[in-house]
Amino acid sequence: MKKYNFNAGPSILPREVIENTAKQILDFNGSGLSLMEISHRAKDFQPVLDEAVALFKELLSIPEGYSVIFLGGGASLQFYQVPCNFLIKKAAYINTGTWANKALKEAKRVGEALELASSADANFSYIPKGWTVPTDVDYLHITTNNTIYGTELRKDPEVSVRLIGDMSSDIFSRPVDVAKYDCIYGGAQKNLAMAGVTFVIVKDDKLGRAPREIPTMLDYRTHVEKGSMFNTPPVVPIYSALETLRWIKRNGGVEAMNKLADERADLLYGEIDRNKLFRGTVKEEDRSRMNICFVMNDEYKELEKPFFDFATERGMVGIKGHRSVGGFRASCYNAQPIEGVRELIKTMKDFEAAH
């Protein structure tokens with residue numbers, strides 16, 4: 001039986017990315033050594049890093065004056081590393097869920113950080129609106145897509161201050177005006193690569209301004225100056241990211257990924273809204289295209305487990321919703337084929353017909 005991977009992260013990767021990475025794990029560039037065992041300073045690996053950086057800049061149209069680095073520690077480390085490097089007097093945060101809240105908590109360890117707006121009052125089922133950013137903050141931090149609650153900022157905010165964005169789960173799914181940001185970061189395991197590498201895009205001339213002594217490993221300048229090679233980088237995850245970046249370029253770039261994201265979301269939300277058994281959990285205008293959350297309608301609540309079991313038997317993997325929301329979550333990252341969404345919709349229709 002064919003499996004359809006809707007896991008929220010680590011998550012689906014293009015099949016050719018998996019196969020190409022697997023080949024290099026067995027024999028890297030015909031060297032007779034595995035990608036897993038080569039030195040990160042081997043002459044064959046530097047081109048991998050260089051090409052990955054070049055494709056990042058090309059696909060996102062990153063302007064001059066920005067560096068792309070690959071680190072460990074996940075986005076969770078960035079929650080602290082970002083304010084270490086960029087918080088000078090005060091920062092503002094939009095609290096749209098678990099990860100945004102954790103980022104805010106870590107920033108408060110560094111200095112003054114304001115919760116500018118929050119949607120906690122409705123279990124983060126919408127993106128806060130109508131807020132005004134103080135002009136005296138160093139940056140506004142946003143979490144562009146919320147994997148747990150299923151909300152998404154699909155456009156870069158129009159504000160008078162610099163932006164910092166956690167784009168762990170929607171990077172390369174839409175065009176981004178990078179020039180508005182001092183930093184964009186994310187764990188790669190949702191929409192870019194296997195787990196184990198974190199991407200960071202930083203504006204070079206904004207580094208070195210923080211009024212604190214930053215530990216060597218937390219100072220972005222350390223990694224920019226050494227081209228992500230200050231310490232041993234996660235070699236295999238970086239290679240899998242490179243294969244994904246190549247795949248994105250071959251398949252039409254970010255514009256094509258954006259179009260496919262719309263298509264998948266329109267299909268699945270259309271069925272959620274049509275099907276009498278289900279309902280969405282997020283305000284319609286704030287619905288995520290990456291993590292589509294839905295629950296049973298109240299009168300059919302007792303069918304939640306039977307539907308999960310039915311979907312599992314049909315090959316749907318990873319659709320159980322996060323405990324904070326319940327119900328179901330279909331993660332539709334760039335690598336999710338339309339076929340997978342159509343099969344999930346068919347499963348929902350067949351279950352409705354049986355009940």
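A: Contact, as the word is used here, means heavy atoms within 4.5 Å. The structure under discussion is a predicted model.

Q: With that cut-off, which residues does Lys-190 touch, apart from those up to four places away in sequence?
A: Lys-190 touches Ala-8, Gly-9, Ser-11, Thr-147, Ser-168, Ser-169 and Tyr-333, when residues up to four places away in sequence are not counted.

Q: Where does Lys-190 lie, and is Lys-190 buried or exposed?
A: Lys-190 belongs to the loop between strand 9 (181-187) and strand 10 (198-203). Buried means under 20% relative accessible area, and Lys-190 has 14% relative accessibility, so Lys-190 counts as buried.

Q: What feature does UniProt place at Lys-190?
A: An annotation may be inferred rather than shown by experiment. In this case an unreviewed UniProt entry gives "modified residue: N6-(pyridoxal phosphate)lysine" at Lys-190.

Q: At which residues does UniProt place the feature "binding site"?
A: The unreviewed entry lists Ala-75, Ser-76, Trp-99, Thr-147, Asp-166, Gln-189, Asn-231 and Thr-232. These positions span 158 residues in sequence, and the farthest two C-alpha atoms are 30.4 Å apart, so they do not all gather at one spot.

Q: Where is Trp-99 placed, and which residues is Trp-99 in contact with beyond its neighbours within four places in sequence?
A: Trp-99 is in helix 4 (residues 98-110), and its relative accessible area of 30% makes Trp-99 partly exposed. Leaving aside neighbours within four places in sequence, Trp-99 has contacts with Ser-76, Phe-79, Thr-143, Thr-147, Ile-148 and Asp-166.

Q: Where is Asp-166 found, and is Asp-166 buried or exposed?
A: Strand 8 (residues 163-166) contains Asp-166, and with a relative accessible area of 5% Asp-166 is buried.

Q: Which residues does UniProt assign to the feature "domain: Aminotransferase class V"?
A: The unreviewed entry assigns residues 4-343 to that domain. The end C-alpha atoms of this span lie 8 Å apart, and its content is 33% helix and 18% strand.

Q: How is the packing of two helices described?
A: Two packed helices are described by the angle between their axes and the distance between the axes. Here helix 6 (residues 235-250) packs against helix 7 (residues 253-274) at an angle of about 80°, with the axes 7 Å apart. Angles of 65 to 115 degrees count as roughly perpendicular, and helix 6 and helix 7 are therefore roughly perpendicular to each other.

Q: Which residues make the contact of helix 6 with helix 7?
A: Helix 6 contributes Trp-247, Ile-248 and Lys-249, while helix 7 contributes Gly-253, Val-254 and Met-257. By class, the residues in this contact are 4 nonpolar, 1 polar and 1 charged.

Q: Which residues is Val-17 in contact with, leaving aside its neighbours within four places in sequence?
A: Val-17, in helix 1 (residues 15-26), is in contact with Ser-240, Glu-243, Thr-244 and Trp-247 once those neighbours are left aside. At 1% relative accessibility, Val-17 counts as buried.

Q: In which helix is Glu-271 found, and is Glu-271 buried or exposed?
A: Glu-271 belongs to helix 7 and counts as buried at 4% relative accessibility. Neighbours within four places in sequence aside, Glu-271 is in contact with Ile-345, Met-348 and Lys-349.

Q: How many disulfides does the count come to?
A: A disulfide is a pair of cysteine sulfur atoms within 2.5 Å, and the count by this rule is 0. For Cys-183, the nearest cysteine sulfur is that of Cys-84, 12 Å away. Cys-183 is buried, with a relative accessible area of 1%. For Cys-332, the nearest cysteine sulfur is that of Cys-293, 10 Å away, and Cys-332 counts as buried at 0% relative accessibility.

Q: Which residues does a cis peptide bond join?
A: The cis peptide bond is between Gly-9 and Pro-10, with omega of about -5°. Pro-10 is in the loop between strand 1 (4-5) and helix 1.

Q: What is the phi of Asn-29, and what is the phi of Ser-61?
A: Asn-29 is not a glycine, yet has a positive phi of about 55°. Asn-29 sits in the loop between helix 1 and helix 2 (46-59) and counts as partly exposed at 47% relative accessibility. Ser-61, also not a glycine, has a positive phi of about 50°. The loop between helix 2 and strand 2 (66-71) holds Ser-61, which counts as exposed at 57% relative accessibility.

Methods. Residues are numbered from 1 along each chain as its sequence is written. This is a predicted model: local features need pLDDT of at least 70, side-chain atom pairs count only at pLDDT 80 or more; totals for chains, interfaces and linings use all residues. Side-chain values use heavy atoms; hydrogens and water are left out. Axes are lines fitted to C-alpha atoms, for helices over the stretch in contact, and angles run from 0 to 180 degrees between N-to-C directions. Helices (H or I, at least four residues) and strands (E, at least two) are DSSP runs, numbered from the N terminus. Angles under 35 degrees count as roughly parallel, over 145 as roughly antiparallel, 65 to 115 as roughly perpendicular and the rest as oblique. Ala, Val, Leu, Ile, Met, Phe, Trp, Tyr, Cys and Pro count as nonpolar, Asp, Glu, Lys and Arg as charged, and the others, Gly among them, as polar. Buried means under 20% relative accessible area, exposed over 50%, partly exposed in between (1.4 Å probe, protein chains only).
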